[in-house]
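Q: Could we go through this model together? I would like to ask about its contacts and its surface.

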Amino acid sequence: KYKPSAPDSRQATSSVMSSLLERASGIAASAAAAVGEGVNMAKDRVNTTVEGNKMLSDGGPPMEAKILTKAACQSAVQIDAIALGQLEAACKQYTEAAQLLEKQSSDASVTSANTAEETAEFAALAAKYRERATAMEVVITTLKQSVAPTTPAMSLAESDARQILILKGKAVDVGTQVKQVADQ
């Protein structure tokens with residue numbers, strides 16, 4: 001058996017330690033660079049917010065009106081996309097429900113669970129659900145054939161100004177608008 005002498009063992013340990021220290025230094029340098037980059041990004045973000053606030057302060061009511069106009073356009077386009085998606089989901093659900101109602105009102109293997117009134121109600125509702133789904137399909141097709149509007153360009157500073165106006169209660173964010181419509 002080979003047994004390294006004490007100097008060889010110390011040399012191997014020293015080499016391993018040097019390697020570990022080198023790797024630790026590299027990790028520390030990478031971490032410091034990442035933190036520095038994060039700090040710079042945060043500073044840039046703060047500067048943009050300050051710029052948005054200054055834009056509102058210096059521009060007064062005309063600037064607020066411009067930001068609110070752009071915000072209204074963004075909200076309209078976002079809600080348009082949300083509404084189209086919800087309309088498609090509702091249409092699909094009406095279609096599926098109509099199929100189930102038709103089966104429940106006409107398929108002998110399941111109608112035995114119904115009362116006569118339920119069978120009649122299911123048949124009537126199936127027709128109404130199909131009618132509603134068809135009307136929705138027409139609207140969906142019409143909306144998809146038209147070109148959805150775009151929004152006016154909004155800089156980061158203007159976007160921050162919009163957020164400031166939302167916080168001041170002078171504007172409403174899209175999520176709140178969607179919730180308000182859903183709650184009606």
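Q: Is E158 buried or exposed?

A: E158 is buried, with a relative accessible area of 7%. Buried means under 20% relative accessible area, exposed means over 50%, and partly exposed lies in between, with a 1.4 Å probe and protein chains only. This is a predicted model, in which local features need pLDDT of at least 70 and side-chain atom pairs count only at pLDDT 80 or more, while totals for chains, interfaces and linings use all residues. Residues are numbered from 1 along each chain as its sequence is written, and side-chain values use heavy atoms, with hydrogens and water left out.

Q: Which residue forms a salt bridge with E158?

A: K66 does, and the closest N and O atoms are 3.1 Å apart. A salt bridge here is a side-chain nitrogen of Lys or Arg within 4 Å of a carboxyl oxygen of Asp or Glu. Because K66 lies in helix α1 and E158 in helix α4, the pair ties together parts that are 92 residues apart in sequence. Helices are DSSP runs (H or I, at least four residues), as strands are (E, at least two), numbered from the N terminus.

Q: And K66, how accessible is K66?

A: K66 is partly exposed, with a relative accessible area of 35%. K66 also belongs to a network of salt bridges that links K66, K70 and E158.

Q: How many salt bridges are found in the whole structure?

A: A search of the whole structure finds 7. One of the salt bridges joins K170 to E64, with the closest N and O atoms 3.1 Å apart. That pair links distant parts of the chain, 106 residues apart: K170 is in the loop between α4 (156–167) and α5 (174–183), and E64 is in helix α1.

Q: What about the accessibility of K170 and E64?

A: K170 is partly exposed at 44% relative accessible area, whereas E64 counts as buried at 18%.

Q: Where do E96 and K92 lie?

A: Both lie in helix α1, 4 residues apart, which is about one turn of the helix. E96 counts as partly exposed at 38% relative accessibility, and K92 counts as exposed at 53%.

Q: Changing topic, how many aromatic pairs are there in the whole structure?

A: The search finds 1 aromatic pair. The rings of Y94 and Y129 have their centres 5.1 Å apart and their planes at 90°, so the pair is edge-to-face. Rings of Phe, Tyr and Trp (its six-membered ring) pair if their centres lie within 6.5 Å; planes under 30 degrees apart count as stacked, over 60 as edge-to-face and the rest as tilted.

Q: Which helices hold Y94 and Y129?

A: Y94 lies in helix α1 and Y129 in helix α3 (residues 116–145), so the pair ties together parts that are 35 residues apart in sequence. Y94 is partly exposed, with a relative accessible area of 28%, and Y129 is partly exposed at 27%.

Q: How far apart are Q93 and A133?

A: Q93 and A133 are 8.4 Å apart in space, C-alpha to C-alpha, and 40 residues apart in sequence. Q93 is found in helix α1 and counts as exposed at 56% relative accessibility.

Q: Where is M17 found?

A: M17 is found in helix α1 (residues 6–106) and is partly exposed, with a relative accessible area of 43%.
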